[in-house]
Every structure is written in C-alpha cells, then in structure tokens.
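Subject: Structure for you to look at

Hello,

Here is the structure I promised to pass on. Please open it first, then read my notes beside it.

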Amino acid sequence: MSVRSTLLRRVVATAALSMALGSTPAFSADRELLNASYDIARELFAELNPQFIEQWQKEHNESVEIKQTHAGSSTQARAILQGLRADVVTFNQVTDVDVLAQKGQLIPADWQSRLPNYSSPYYSTMAFLVRKGNPKNIHGWSDLAGDDVALVFPNPKTSGNGRYTYLAAWAASNHDNGDDEAATRDYMKKMLGNVEVFDTGGRGATTTFAERGIGDVLITFESEANNIRNQYGPDDYEVVVPPVDIMAEFPVTWVDKNVERNGTEDLAKGYLEYLYSPEAQRTLAQYYYRVNDDEISDEFAERFPQTTLLRIEDAFGSWGNVMQTHFASGGELDQLQRR
Amino acid sequence: MKRIGDGAATRIGLIALAVIMTTLFLVIPLAGIFYQALAEGMAPFWQNLTSTFTREAIGLTLLIALLTVPINLVFGIFLAWLVTRFTFPGRRLLQTLIDIPFAVSPVVAGLLYLLLYGRTGWLGSILSEQDVQLMFAWPGMVLVTVFVTCPFVARELIPLMQAQGSAEEEAGVTLGAGGWTLFRRITLPNIRWALVYGVILTNARAIGEFGAVSVVSGSIRGETINLPLQVELLYQDYNTVGAFTSAALLAALAVVTLMIKAMLEWHTHRREKTA
C-alpha cells in the first residue's frame, strides 16, 4: 500500500472510528512486516510476534509491527502471486513456496538453501489420534489397513494434511516391505478403503472425529493431534506416533520482490532467523512442534516419541515428482481409489 | 358464501403455522446470536467488543459503507435519470445491465476484480508498475462493495421516476428553470423517499457483504478484515464468544437499519393518507 493511500485510509478510518466509538487508536510503529501464514498457526504467531518485537526493539532500537494473515497456504501463495505484499511466508507446504519461485519469480529457485534445515525452523510428523485406551490397537501405519478400523483424514486432493497422511502411509509401507511396490499398492487400497469420511480440510476432519464421533483414528499433524486432544479432553483421546513416519517441514522464506519494495529485507531476515533462536524454539515446542535446537529438544523430549522420519525428497525424489505421479488427475491416488 | 379454508380452525392453524415458522427461522436464530455472544457473561463480551482487532474491523466496515453509499447514491441517481428521462439507443440494454451485480454471485464478482486488478491482471499489471495496489488492500474492498451494491439506488428510483413521468420537469423548463434548479426543486423532492430507501439498502449490504470482499481482502488482521470477515475468522479460531460478539454487532446494525426503514414506511404511508 502506498504511503498516500495508507494515510488516506488512516484519516478516513480514524474519522469513522472516532464517530463510532468516540476514541482514536494511538499506535504507530516505525516499520511493518506482513507475515502470510497457514490457517492453524494463528495462536502460535500471536505468541511469537510480541517476543520478536521486544527483542528487535532491544537490539535495533526500532519499534516494529508484525501483521498476520492466515489462510490455507495454497490460497496464500496464490494471493501473493496476485499481489498480496507479504514480506515473509511461513507455510506448511514446500510446494506452496516453490510456486512463488516458479510462477511468480518472486523468490530465487534455491530459496531452501538460504536458511538452516532446508529453511524449516520447525517440523512435525503425522500422528494418530485414537479414542481412550486405544481400543483398536493402532500403533503403526500397517494397523490402519486392518479389517475393522475406520479412519478419518482430509482429502489428499484438497488438503496438505491429507497429502502428508497419504505419503506417510506409502513411504512407511515401502520402508517396511523393502520397496515392494505391489505390496504397497495393496496396502494403500485397503487403507484408503477404510476411510470413513474424506473432509476437505483439517478442521473439518477434526469436527467429524471429535464432535460427530465418527471413526476410530484421526490422522493429522502431531502438533494438531496434541492440540485437539488438549482441546476436546486429554482423558478421552490418546496420541500415537508410529515408529516410521514422514518428516513434515514448515518452510519459511522472505519474499524478495516484496521486501525490496517495502524496504524490509533486514527486518524480514531478522524475523525468520529469530524463529531459530532458543526462545522461539521453546515456544514452538510448547505448541507441539518438533524443533532442531538440541537443548530445547531434550527439554521437551517427553512430548515427542522417538520415530524414524523419512524426508519426502528421499522417499519420493522431489515434490514435483510426488505431485505428478500421485496427486495429478489419473495418478496413483485416483487409481487406488478406483474399486 | 363460505370459501374453502375460511373456517376458524383453518385460520388459527395458518396463523399458528406462520408464527411457528417466524419463530423458528427468524426470532430464535437472532436471539441465539445475542445469547451466544453473552454466553460467558458480560466481561468476555465487552473484552471482545473493545479489542483492537474488533475496533479496526468496525472502522473498516464503516469506512467501506461511508465511501460506498455516496458513490452509489450519485451513480444511482445519474443512471435512473438517464434511463427514465432520455431515449437513446441501448437504453433497454443499459437497464438490464444494471442488474448484473444482482445476478452474479458475489464470489464471482470478487474473482473478476481480482483477475482484472491483481498483480498479474490486465489493469493490475499496469497499476502495479505505478506502485498502486488495489487488491488485498482496503481500496479493493471498497471497489467490490460498490460493484455489489450499485443496483440498489437505481432499482428503487427507476420505477418511481417512470411512474411519475417528466410532466412536472417539462413544466419547470417552460418556466425557465435550469438543469440544477430542475433537479433540486422538482426531481429530488419527488424521489426523496425512494432515495432514502435505496441508501438504506445499499448501506445494509455494504456493511454485511462477505463473499466478494473475502476474495480480495487477503485477510490481514487489523488491516483488511471487516466485521463479516471477522465473524468467520474468530469462529474458525474457536473463539465462539468473539465471533458472536461481532455477529451481534452486525445484527444490531441490521435491526437499527430495519427500524429506520419501518419509520420511513410509516412516514410515507401517513403522507399518502393526508395527501
């Protein structure tokens, strides 16, 4: 937004507001940063941002404001392509950041090498939320193909969450049977056949499982599974992390074209680097995200069961490859679901 | 002669049915909004109402209405004047075109504007070279709201102005009145009530519009979130009280609007009787 339009907006909005409430908001920061993020990260960044602002003020003697926008990360990527001037993105899908490089040339193609751990300050994996006492005895991915197990997870076609579930099941099966593709396909057919409801998104699947009481297992990110358990009753649900699982990265990057324009490059970098600091990593771990900081990992070791995590790039080659072979129209997923 | 369905039983039955339906579909949901907003007591309600984000949302909602109403007021009068007082080729077509915003789904309208004015759009790419941003900022939200609400004023005025005809204005011209005098002394007093009615409808829709603005908003908290978007956002956030507080605010605005409308109707009714 240009300076003039911001000013105009302020003036008119202030006039409107003072008429409405008889008060004017008196707050202004030196610089602003817009963080485009995925939709379940609202509370997380509401906690991280004030910490960063305080630290930046201390170190640079400058007051900054962090604005947030949250939506599905594909929606966000498209909005940025269409002109949303986000300075940084904090997504839950690598492919959605790739889009910014490929379709918009807004960031360089090698963005993942700009920050540590493939530009992923925290990560998660898929977990099973089961009903109290784990009555169906679910411990690993192979148990999901059992005869009397009803599954709930979002549709892999529409949801990143569902995509990870599908890929984790595939990779874990391949890992267990020594890359026997035919056996993996048989397993996937059974597993997908056990799905009771395919909701379009993670929130919908949560509602189906926890509020409507459908299904034996809800498969979602470990962080989400723990938050859902805490929200809907720690005594009614258990979180199970399978012994072999997928690494779900949460990629971040600054949007070069936008920070250049907004004059926020140093601030954007500082913000993303802050996410790797012990303080931020502790907050992240408190929200049940796995972190790379060794000390913090040890501190929260109890929350995160040991598991072998497979990277998408190692198990499937690349994300581009995954999208094409598995999720494109007529791909593996479509063929597996044809009964 | 007794008609079918004229019996007391049928009449009572029908009235009861109407009352039950109204209660189920209108009264209970409306009361429910306020009940949910106050479900956890006065303190959380007040806290949500006075939070910075809610205040910003109220400010933006009013800003949109404040800009949309005058724009469409002028546009509506101009359009109605044009199609009822002049004959020109394409007049019928224009009258049909006015209704497009009613016929098109608001989401589609939002998408159209996004494709046109977005960074990669036809006009947007030119604007973005000039460093002008419409989409994902408040001007875009005003723009789509103006589009969605533009038929209201014209639709109220056209039938009335057609019915009234131009006799009075022609008389004015023969007495030597200029264009502005004509409008101010004859046209405006004649269409006054229809105009107010159109403004009320425009205002109500501008405040409540969700679909089109949600497409172009970019949902930046404290910047491009208006009240309807705030309701959705807080609800998704599991903040039920907050969502219903904003919803209650919108409902209250609607009730006030309806009360003004009822007062106006009562006023015109009385005027017609005495006239």
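In which hand does helix 10 of chain B pass helix 11 of chain B? The crossing is right-handed. Keep in mind that this is a predicted model.

**Helices 10 and 11 of chain B**

Find residues 167-174 of chain B for helix 10, and residues 179-208 for helix 11. Their axes come within 10 Å. They cross at roughly 165°. An angle over 145 degrees counts as roughly antiparallel, so helix 10 of chain B is roughly antiparallel to helix 11 of chain B.

Which residues of the two helices make the contact? Helix 10 of chain B brings Glu168(B), Glu169(B), Gly172(B) and Val173(B). Helix 11 of chain B brings Leu182(B), Ile186(B), Thr187(B) and Asn190(B). By class, this contact of helix 10 with helix 11 of chain B has 3 nonpolar, 3 polar and 2 charged residues.

**Helices 8 and 11 of chain B**

Now look at helix 8 of chain B, residues 138-149. Its axis and the axis of helix 11 of chain B also come within 10 Å. The angle here is roughly 135°. Helix 8 and helix 11 of chain B are therefore oblique to each other. This crossing is right-handed.

Thr145(B), Val148(B) and Thr149(B) are the helix 8 side of the contact. They meet Thr202(B), Arg205(B) and Ala206(B) of helix 11 of chain B. In the contact of helix 8 with helix 11 of chain B, 2 residues are nonpolar, 3 are polar and 1 is charged.

**Cavities**

How many cavities of 30 Å³ or more are there? The count is 2.

The largest cavity holds about 40 Å³ of space. Its lining consists of Arg85(B), Gln164(B), Gly165(B), Ser166(B), Glu168(B), Glu169(B), Ile186(B) and Asn190(B). Helix 10 and helix 11 of chain B each give two or more residues to that lining. The lining of the largest cavity divides into 1 nonpolar, 4 polar and 3 charged residues.

The second largest cavity has a volume of about 30 Å³. For this one, turn to chain A. Tyr164(A), Met247(A), Glu249(A), Arg311(A), Ile312(A), Glu313(A) and Trp319(A) line it. By class they are 4 nonpolar, no polar and 3 charged.

**The second largest pocket**

What is the volume of the second largest pocket? It is about 1,300 Å³. This pocket is lined by 44 residues. Nearest its centre lie Asp39(A), His70(A), Ala71(A), Gly72(A) and Thr75(A).

Helix 3 of chain A gives the largest share, 6 residues. The pocket lining has 14 nonpolar, 22 polar and 8 charged residues.

**Chain B as a whole**

How many helices and strands does chain B have? It has 14 helices and 0 strands. The C-alpha trace of chain B spans about 75 × 65 × 30 Å along its principal axes.

Best wishes

Definitions and conventions:
Residues numbered from 1 in each chain as written. Chains lettered and ligands numbered in written order. Predicted model: local features only at pLDDT ≥ 70, side-chain atom pairs only at ≥ 80, totals over all residues. Heavy atoms only, no water. Axes fitted to C-alpha atoms, helices over the stretch in contact; angles between N-to-C directions. Helix = DSSP H or I, 4+ residues; strand = E, 2+ residues; numbered from the N terminus. Parallel < 35°, antiparallel > 145°, perpendicular 65-115°, else oblique. Left-handed = near helix turned anticlockwise from the far one by under 90°. Contact = heavy atoms within 4.5 Å. Nonpolar A, V, L, I, M, F, W, Y, C, P; charged D, E, K, R; others polar. 1 Å grid on protein atoms, 1.4 Å probe; cavity = no way out; pocket = protein on both sides within 12 Å on 5 of 7 lines; lining within 4 Å. Points joined across faces, edges and corners; volume = space filled by probe spheres on them.
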